[in-house]
Amino acid sequence: MKNIFELTKPARYTGGEFNSVVKNFDETACRIVLALPDVYEVGMSNLGLAILYSILNRRDDTLCERVYAPWIDAEAVMRDEKILLFALESKRPVRNFDFLGFSLQYEMIYSNVLNMLDLAKISLHTSERADDEPFVIGGGPCVYNVEPVADFFDFFIVGEAEEVFGEIVEKFIAWKNSGKVGGRKAFLRSLLTVKGIYVPSFYEPLYSGEKFLGMKILEPTAPPKILKRVVKDFDATPSVENPVVPFMEIIHDRAMLELFRGCSRGCRFCQAGMTYRPVRERKSETLRAMARRLIDSSGWDEISLTSLSSADYSCLSRLIDDLQSDFRNEKVSFSLPSLRIDSFSIDLAERVQAVRKSGLTFAPEAGTQRLRDEINKNVTEENLLDACGAAFSKGWKSVKLYFMMGLPTETDDDIAGIAELAQKVANLYRTIKNRRDVKVTVSVSCFVPKPWTPFQWSAQISAEEFERRQKFLKSLIRDKAITYNYHNARLSVLEGALARGDRRLAKVIEAAWKSGAKFDGWSDLFKPDVWAEAFEACGINPEYYSGRERNFWEPLPWEHTSPGVDKNFLLAEWEKSQVGETTRDCRRTSCTGCGVCMKLGVGIRDWGLGTSLGKWEMGNGKSLTPNSYLLTPNCKYRAQIRKGAEIAVLSHLDYMNVFMRALLRSKLPAAWSEGFNPHLKVSFATALAVGVTSDCEYVDFELTEPVSEFDVAKKLNEQLPKGAEILRLKKLRGKSKPVMSLVDLSRYEVRLPFEEKFLSAAQLSIKNFNATPEIKFTRVTPKKTRELELKKYLVEPVEISLAGDELLIKFAVKITPEGSLKPSEVLKILREQFDFPADISAAKINRTALLCNGKNLVV
């Protein structure tokens, strides 16, 4: 650039930083450029890209370079001088590389992706790209719903990329050496054998009006669901050894030491907490060695101990002591990005900040205990005040408190609770120190419902309502010691639309970019009017995506790119949120049934206390049998198991035999009864009618020896046939009633082929059925005939709704000691007595829940 020195922060574009890697471009088989579609100082602070840069450049057959979004002034110069977007290391045009990989950290950088492609002269749409253009890859947190930008990417890496990127490189080099036979599509097709790869062009979204119906697979070998890739042995996974050290100051201008992946806290609003599961720790010895290499190779004087919840690292206390000992004479300081709200964290913070003391940050998230319980925060006001009191006593006088606004069921009382809590913290300092120089910063973000969380079905409040609540909270904060910061409401509502959007939003994003949208995450550059005009021009209502509460049974456009979290778990968590019931941390007790470990074949790895799932390994690296901390001697287990369409024809007795034979084949230490006719100690919940499927059958069984929950589920699933998979499993502690005596309610969903023209007749039939106080019918069995009254078994009105070309019928049936109803009996009476306009012989009946006092039996 001719005018580079006239640019804001020209060091963004020079390259040549210490530890940057330059290889021979022409002699390297695979050339990759990694991008974060934001400015240099943001992109250089991203640990994920730094890890991939380091791993890829260790390969002799691969070179990896970097590129970031040019700031406004640099872009103007580039367009004026016709300079193509270039990589920092070689200064070669990005268009000349084999791959351009974008890290999609959040939705508001989507317009920058298009701007960077345009600056590089790369075709925006994958369908239009020529053979000489790079493959455009997406990765990062947004991969759990990429449909709004799917048209712009050749493929996505779903999950963790450390291992999968090498497999992609090998596929590419093989295709390149073949002479690129079959063109771009042949290479993309070859990637379908690589787990964790999503190729959007092989899938076509289907719609009916506004409704998303599902994905049509266009390529026969494309999987219907792409499970995320996960690094199983995180301790052995390479990380950054020689970090690129920038010439200029960046957002996180320090070494970053990743303690562990994942989080088991289970906050219901948090997408990262769900999608990065399970928790896998590094050994403290590994981290010490990494820290030494980072400092020696960089010259930084600060190390950030990073993770989703760094204070939950099981060996943290020992690690801090060791690191301070290692760097005692080097003035290296340490920082924890966030702290637990307890006094233990304050003791840690005092030791961590022995070199340089800064403020403390806590995240209560909500102003009242009711709302904190709803979101499963599992902290109390007393916890916060105890932690702040401990901090103030040890010399801190600055505290930052993070909250969210707009959470489901939030009221003005919850908002007032934020102001009250902040005031109590300020007053506590004055009481303890008898001084007034306290500083309390209240930072309030706008709640955005995200895919793969229990709140993924929830509506987001409007921008106007956000702004009303923000003003209300501001009016309640009068103490000058309290600073109040809040997010741009209109930006957050746009984020809400993009986060849960489908592929139709691609044209909105493109239209907004063409009208000048870029750097939308920067509030001073965000152009809400441009986005509003783009939605209107495309004939799309953004509130359909942001402000609409989803039905639990409707197809969701992100369900085919999965982090492994079970939908039933998310539903159960949503149900618990509605009554303020919290869920325990699975690292501290036992499996909570999220399904990740079973689906991905990986367990929690905790080098301090051990793990409740998967192989339990201690600090010495030896595998151990879980002890009484996790498994009590009686070894009773409860499993939630499917009865899929593949085995729906089996009777209840046959179904029981399938499970018991699988238990014996698994070679697990099955427990038998005593006496002359011993039998396996296995008991099932209420029987399911032949032909009915279920996602929630329950079975109790006993083992004679302790086996981890993960291994029990794994070994049984290896022996169970398709359609009888274990979905969740937990260890029962103490005395517990047999599962067959617990269930008192069964919920069903029935799907029938249906034409919309008959909907009014169906609604009238259901209305008459629900309004009839008593319905008698005759049940005929081979042994006897009985007269029964149907309505005493139905606990709520029957509901119907249209789902595409099917009619969905939902009802719940009591289970009593005297008996219950078969779902087919309900359908038969609807047809025979209430002229229901559908062919019930084509009904697909599925049991969706078996409950005890309104709760699932495996939680």
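This note reviews selected features of the structure in numbered points.

1. Basis of the note. The model is predicted, so to speak of local features requires pLDDT of at least 70, side-chain atom pairs count only at pLDDT 80 or more, and totals for chains, interfaces and linings use all residues. Residues are numbered from 1 along each chain as its sequence is written, and side-chain values use heavy atoms, with hydrogens and water left out.

2. The six-stranded sheet. Six strands form an open sheet in the order E2-E1-E3-E4-E5-E6, with mixed pairing. Helices (H or I, at least four residues) and strands (E, at least two) are DSSP runs numbered from the N terminus, and two strands pair if DSSP finds at least two bridges between them. At the edges stand strand E2 (62-68) and strand E6 (197-198), each of which pairs on one side only. Strand E1 (residues 30-36) runs parallel to E2 and is joined to E2 by seven bridges; Leu36 has Tyr68 in E2 as its bridge partner.

3. Helices across this sheet. Helix H2 (residues 47-57) lies across E1, E2 and strand E3 (99-103), at about 155 degrees to E2. Helix H5 (residues 164-177) lies across E1, E2, E3, strand E4 (135-139), strand E5 (155-157) and E6, at about 140 degrees to E1. For these angles, axes are lines fitted to C-alpha atoms, for helices over the stretch in contact, and the values run from 0 to 180 degrees between N-to-C directions. Contact means heavy atoms within 4.5 Å.

4. The three-stranded sheet. Strands in the order E10-E13-E14 form an open sheet with parallel pairing. Its edge strands are strand E10 (255-258) and strand E14 (333-335). Three bridges connect strand E13 (residues 302-306) with E14, and Ile303 has Phe334 in E14 as its bridge partner. Helix H8 (residues 284-298) lies across E10 and E13, at about 165 degrees to E10.

5. Nonpolar cores. A nonpolar core is a set of buried Ala, Val, Leu, Ile, Met, Phe, Trp, Tyr and Cys residues joined through side-chain atoms within 4.5 Å. Buried means under 20% relative accessible area, exposed over 50%, and partly exposed in between (1.4 Å probe, protein chains only). The largest core has 118 residues, of which Phe99, Phe102, Phe155 and Phe187 touch the most other members. Another core, of 75 residues, lies apart from it and includes Ile51 and Phe327.

6. Aromatic pairs. The structure holds 35 aromatic pairs. Rings of Phe, Tyr and Trp (its six-membered ring) pair if their centres lie within 6.5 Å; planes under 30 degrees apart count as stacked, over 60 as edge-to-face and the rest as tilted. Tyr748 and Phe811 form a tilted pair, 5.8 Å centre to centre with 35 degrees between the planes. Tyr748 lies in strand E26 (residues 745-753) and Phe811 in strand E30 (residues 806-814), so the pair ties together parts 63 residues apart in sequence. Tyr748 is buried at 6% relative accessibility, and Phe811 is buried at 2%.

7. Helix H22. The buried residues of helix H22 (residues 709-719) are Glu709, Phe710, Val712, Ala713 and Leu716. Seen down the axis of H22, these residues fall within an arc of 165 degrees, so they line one face of the helix; the arc is that of the directions from the helix axis to the C-beta atoms. Their packing partners include helix H21 (652-665) and strand E24 (693-702).
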